[in-house]
Amino acid sequence: MICNDFRLRLSRAAGYSDDQFAAFLLNNDPLAGKLTAAQRREIITGAADSGAAVALMLSERFAAKPPTEVACLLGVKIVAGNLRGARLLLSNYDPSAATITLNKAMIKKLEQCQLSQRLLPGIFDPAEVAVAHELFHHVESSDQSVFSRHFKVTLWRLGPLRYRSTVAAAGEIAATVCAKTLCRLCFNPVLLEALTLYTEGAPRLAEWFDQLNRAA
Ligand SMILES: [Zn+2]
């Protein structure tokens, strides 16, 4: 995808509602096909509310300090590392070690691209956005009352037995809203994934935008 086409698609997507990004995340969940329309609505609303509530709690408790400082005050370690997998990930959170891993090489490229080309609106630090996202997962990992922990769908029943599962996208939607709120972004941070695909020259960038545009 050439630069001008990318700039156009990105700036159009920057105007989409958070619900559209939530629907996009939900469509990519392995359980997407098992959800009713009512469950989808419940997840999108419940997860967004929970992400906003966690952001408010963290910002009140830590006097609106930057996410990296909040992580330090919460005893969450931040380390650099390579996160190679099926998806290009800027960061992840390991609850067993209370550790956030940042893909610093990828984040650096993103930073440089944003500084030189100003593709997304406003001023932001991609590392802080990534840490803010993972802070939600930290809170979620230790609090059963968070929406993404208690919302479950029934996958199968056999007589009195039933198997229920959480929906991973609920945590992702909430973490996205948490990061957007904590970092006061004027765009949905899911767009950092598009910027990453662009800086890494990933061939599936056009398909990524097509999926986002179709999400509802
Ligand atoms: Zn996440």
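Analyst: Two strands pair if DSSP finds at least two bridges between them. This is a predicted model, where local features need pLDDT of at least 70, side-chain atom pairs count only at pLDDT 80 or more, and totals for chains, interfaces and linings use all residues. Residues are numbered from 1 along each chain as its sequence is written.

User: What makes up the open sheet, and in which order?

Analyst: Three strands form the sheet, in the order E1-E3-E2. Their pairing is mixed. Neighbouring strands are turned by 25° against each other on average, direction ignored.

User: Why are E1 and E2 placed at the edges?

Analyst: Strand E1 (77-80) and strand E2 (91-94) each have a single partner strand, so one side of each has no neighbour in the sheet.

User: How many bridges join E2 to E3, and in which direction do the two strands run?

Analyst: Four bridges link E2 to strand E3 (residues 99-102), and the two run antiparallel. Tyrosine 93 stands opposite isoleucine 100 in E3.

User: Which helix lies across E1, E2 and E3?

Analyst: H6 does, running at about 30° to E2. Such angles run from 0 to 180 degrees between N-to-C directions, with axes fitted to C-alpha atoms, for helices over the stretch in contact.

User: Why is H6 called oblique to H8?

Analyst: Helix H6 (residues 126-142) and helix H8 (residues 168-182) cross at roughly 130°, with their axes coming within 8 Å. Under 35 degrees counts as roughly parallel, over 145 as roughly antiparallel, 65 to 115 as roughly perpendicular, and the rest as oblique. H6 and H8 are therefore oblique to each other. Their crossing is right-handed, a term for a near helix turned clockwise from the far one by less than a right angle.

User: What makes the contact between H6 and H8?

Analyst: Contact requires C-beta atoms, placed from the backbone, within 7 Å. On H6 the contact residues are Val129, Ala132, His133, Leu135, Phe136, His137 and Glu140. H8 brings Gly171, Ala174, Ala175, Thr176, Cys178, Ala179 and Leu182. By class, nine are nonpolar, four polar and one charged. Ala, Val, Leu, Ile, Met, Phe, Trp, Tyr, Cys and Pro count as nonpolar, Asp, Glu, Lys and Arg as charged, and the others, Gly among them, as polar.

User: What is the class of the angle between H2 and H3?

Analyst: Helix H2 (residues 18-27) and helix H3 (residues 37-61) cross at roughly 120°, and their axes come within 10 Å. That makes H2 oblique to H3. H2 passes H3 in a right-handed crossing. Asp18, Asp19, Ala22, Ala23 and Leu26 in H2 meet Arg40, Ile43, Ile44, Ala47 and Ala48 in H3. Seven of these contact residues are nonpolar, none polar and three charged.

User: Why is H5 called roughly perpendicular to H9?

Analyst: Helix H5 (residues 104-117) packs on helix H9 (residues 191-199) at about 95°, axes 10 Å apart. This angle makes H5 roughly perpendicular to H9. Met106, Lys109, Leu110 and Cys113 of H5 touch Leu192, Leu195, Thr196 and Thr199 of H9.

User: How do you know that the radius of gyration agrees with a compact globule?

Analyst: The rule is 2.2 Å times the number of residues to the power 0.38, and the radius is taken over C-alpha atoms. For 216 residues, a compact globule would be near 17 Å; the protein has 17 Å, which agrees. Its C-alpha trace spans about 60 × 40 × 30 Å along the principal axes.

Key:
Contact = placed C-beta atoms within 7 Å.
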